[in-house]
Structures are given as C-alpha cells and as structure tokens.
Amino acid sequence: MPQSGLSGLEGQLAVSWPAVDTQTVAWATNPDQRNAAGRRPSQKDRMLTEITVEIPHHIAAAPLPLSQEAARASEEAAHSIALLDGRAVSLSGLSDLLVRSETVASSKVEHIYADVTDIARASIGADAGEQARRTVAAATAMQSLVHKGVTNDSILAAHAELMDGDLLEGDWAGRYRQQQNWIGGSDFSPAAAIHIPPPAALVQGLMDDLVAFAGRTDISAIAQSALAHAQFEAIHPFTDGNGRVGRAIIGSILRTRGITRSATVPIAAVMLADVDTYFERLTACRDGDAQGMIVYLSESATTASDAAMVSADRLAALPVEWADKVKPRKGSSAGKLLDALLQTPILDAEKAARITGAVPNRTYDALAQLVDAGVLTELTGHTRNRVWLAQDVMDELPELEDRIGRRAVPSSKWR
C-alpha cells in the first residue's frame, strides 16, 4: 500500500498534534517471581531501578486540521467503504464474512492462529482448539463494541467477552489494569521495552478523555477512528487484549458516525500483511504525526474495501452454482438450506432443522443431499453433535486475506 512522507504544511500539521510526554518513575523487579517456563528474573531485570513511561495528552478537544493528503485519502476511503457497505446491506452473508475476516486477521496480529474449520466448530459451541475459541471470542467482542459505540462501559464489556475464561488474564477481564504494563522487554521488567504506557493511575482519566474524543462529530470519521485507535494503543489500558479491542474501536466509530450500516471493513488484514509499517505508524503518531496515521488507516480501509468487493461478487455467484449442483425441488428442505447458506454457512442439526422446518429425518436427508453434491462438508465424522460447513463460503476468508495482502505492499520509503 503506497505511503508518502510529510513536508511543508503537512509537516506543520503533523507537529500540531500533541506528542506523548515522558516521565521517569521508580521500578523494582520482584526477584522471586517466575514466568510460565519457571525462570526467575535475569540480573538485568533485577538491576532495573527506574523506567521511562509515555503519557499521552488529552485529545478530547484537540484541533484536527487535515493535510491535503490526509483529506484526500480519507475521502477515498469513505467512498470505498460506502460501496462495500451497500453490497453488505443487499447481499446476505457478506456482513458475517467481513466480521470473520476482520477478527481472524486481528487475532493473527497477536499471534493467535486458528484453522478455518476449527473456527467453524467453535462458532457453534462444538469441540475446538483454544486458538479458535479465542478468535470467536474476538468476533463477539468486536460486534458488541461496534453496536454499542465507544463508551467506558462498552469497552469494558467487549474486553470481558474477549478475555472471559482466559487462563492467564481472565481475572482482569472487563477491568482496566491496576499495574504497569509494557510492550517488548522481558516477562519480568520493561528493561528493553519498545513502548511503556502511562502508569495505571492515569488510565481511567485518559480513557474518559478518549471516550469524549470518540463522541465528537466535528471531524472526519476516518481520521477520528485512526486517532482513537492510536490513542487507545498508547494508553494500553488492559493487561492483555489491547490490540484486538483497539482495532474494534475503528469499526465502532465508523458505525456510530454512519459511515457503515452493515459492513465491517477488514482493515486488520492490511495491518497483518505488514505489521512493521502498522507499528511504525502507531509509534509515529505517539510522536505527534497524526496525519501519517490518518493516511495509513485511510489507505488501509480503501485497500481492504476494494478487495472485499471481489469477495462480494464471489459470494453472490455461489447460490446459482450450488443450485446447479443440487437441483433442489421448489420448497424442498434442500432448497431451504441452500437459500440460507450464505447467511448461515455453519450448521448443526438444530440450526438446520430451524431452517427447513421439517422433521429430523427429512432435515438429515437434505443435509446428506448437499454433502453428496459437494456443497456441504461434514466436519466431525461423528453420529452425534455433527457440524456441517459450506466450504465455499469459509474458503473465501483466506482468499480475502491473501487478496488484501497482495494489495497492501508498502513503498520502499517505509522499509
């Protein structure tokens, strides 16, 4: 994805956004603590006596004039998003596909990888691996935040949904942190950290300010979502889950401001394609480069929206392809299942029965007919708790991620 530097007026605008302050505070490493591998702190960890934290400025009332480049990029993004949203409103199943795409990519940014079929099982409560369950939890959390808007309560609720049951961080689910955290460094101290967020005592005030910023209507919604995300990541208000909740804030603001009605723009797939540039833009924004962050997110949204339109075309073609394979009778149980597959590509017996409205034997016969035609795949191989998957729909997830990745190639100046 092309990027460009800032100079002249754009450079002045970049400097006008408040960079973080730094403050040196005392630090003491507990010499007796152990990490998951049973190791104790190194000598470097034990010798650390002070750290430099980054404290973001309040931005609720900060002026935000846009550079010419940022204004152009945000307008192009709004246009591409509008086209995608229009398709999502009219095309059954596209909205759900986009939610899955965004949460799968957002989870991968945090090194949480799950197989598509495992995600399918987890999404209906069937046996699945931990990575798949965490990915499905991310989808639930994101949708919650998108529909409720950005408030302290909605952010905490989304985090609770994301982290509920987490063996390491579950006790902090739905709670702002009460201790210092950091990015990079070791398990024991921020001795070599690349970002040390503000002390815990400042988190609530900074989050109150961020919520106020997210409620503004006097600035570009694209710019607002970019800077709200960057500010959230600078605050890092949770012990874990900050990236996934922070990226969900982007979609929440776009929905609140009316930029989207149904679509979730899979921006995280662009970030995943080149995480170095993504993190560079967040770091630069903490240094005061708001315009660069706005351009980055705008171009990411355009890239993701344009790639997702191809997915929309592919989904739209599937019902005809399926009907050619199955040739269902009008009003038959098999026909009813086909009509519902874009919206409900993952089925268990209960869901299938609700769709067909038929007795169990007829529903199972219809499922078998779709399996024989190659439209459905049965995942479990069991006689009970069976799960069926419309593979054509779920295969579009990695296809879309790959398509976005091919389009999101940064220019050499950011390498």
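Axes are lines fitted to C-alpha atoms, for helices over the stretch in contact, and angles run from 0 to 180 degrees between N-to-C directions. Helices (H or I, at least four residues) and strands (E, at least two) are DSSP runs, numbered from the N terminus. The model is predicted, with local features needing pLDDT of at least 70 and side-chain atom pairs counting only at pLDDT 80 or more, while totals for chains, interfaces and linings use all residues. Residues are numbered from 1 along each chain as its sequence is written, and side-chain values use heavy atoms, with hydrogens and water left out.

**View 1. Helices H15 and H16.** Helix H15 (residues 349-356) and helix H16 (residues 360-372) cross at roughly 100 degrees, and their axes come within 9 Å. H15 and H16 are therefore roughly perpendicular to each other (angles under 35 degrees count as roughly parallel, over 145 as roughly antiparallel, 65 to 115 as roughly perpendicular and the rest as oblique). On the H15 side, Ala349, Ala352, Ala353 and Thr356 meet Thr363, Tyr364 and Leu367 of H16; contact means heavy atoms within 4.5 Å. The residues of this contact are 5 nonpolar, 2 polar and no charged (Ala, Val, Leu, Ile, Met, Phe, Trp, Tyr, Cys and Pro count as nonpolar, Asp, Glu, Lys and Arg as charged, and the others, Gly among them, as polar).

**View 2. Helices H4 and H13.** The axes of helix H4 (residues 94-109) and helix H13 (residues 290-326) come within 11 Å, with a crossing angle of roughly 135 degrees. H4 and H13 are therefore oblique to each other. Their crossing is right-handed (left-handed if the near helix is turned anticlockwise from the far one by less than a right angle, right-handed if clockwise). Leu94, Leu97 and Leu98 of H4 make the contact with Ala308, Ser311, Ala312 and Leu315 of H13. The contact has 6 nonpolar, 1 polar and no charged residues.

**View 3. Helices H4 and H17.** H4 packs against helix H17 (residues 391-407) at an angle of about 50 degrees, with the axes 10 Å apart. H4 and H17 are therefore oblique to each other, and the crossing is right-handed. Among the contact residues are Arg100, Ser101 and Lys108 of H4 and Glu396 and Glu401 of H17. By class, this contact has 7 nonpolar, 1 polar and 4 charged residues.

**View 4. The largest pocket.** The largest pocket holds about 1,200 Å³ of space. On a 1 Å grid over the protein atoms alone, a cavity is a set of points where a 1.4 Å probe fits but cannot get out, and a pocket is an open set with protein on both sides within 12 Å along at least five of seven lines; lining residues have an atom within 4 Å of a point. Grid points are joined across faces, edges and corners, and a volume is the space filled by probe spheres set on the points. Of the 35 lining residues, Glu169, Asn181, Trp182, Thr239 and Asp240 are the closest to the centre of the largest pocket. H12 gives the most to this lining, with 5 residues. The lining has 12 nonpolar, 13 polar and 10 charged residues.

**View 5. The second largest pocket.** About 340 Å³ of space lies in the second largest pocket. Its lining has 19 residues, and Arg100, Ser123, Ala139, Gln143 and Ile346 lie nearest its centre. At least two lining residues come from each of H4, helix H5 (116-123) and helix H6 (130-148).

**View 6. The loop around Thr380.** Thr380 sits in the loop between strand S6 (377-378) and strand S7 (387-389). Leaving aside neighbours within four places in sequence, Thr380 is in contact with Asn385, Arg386 and Val387.
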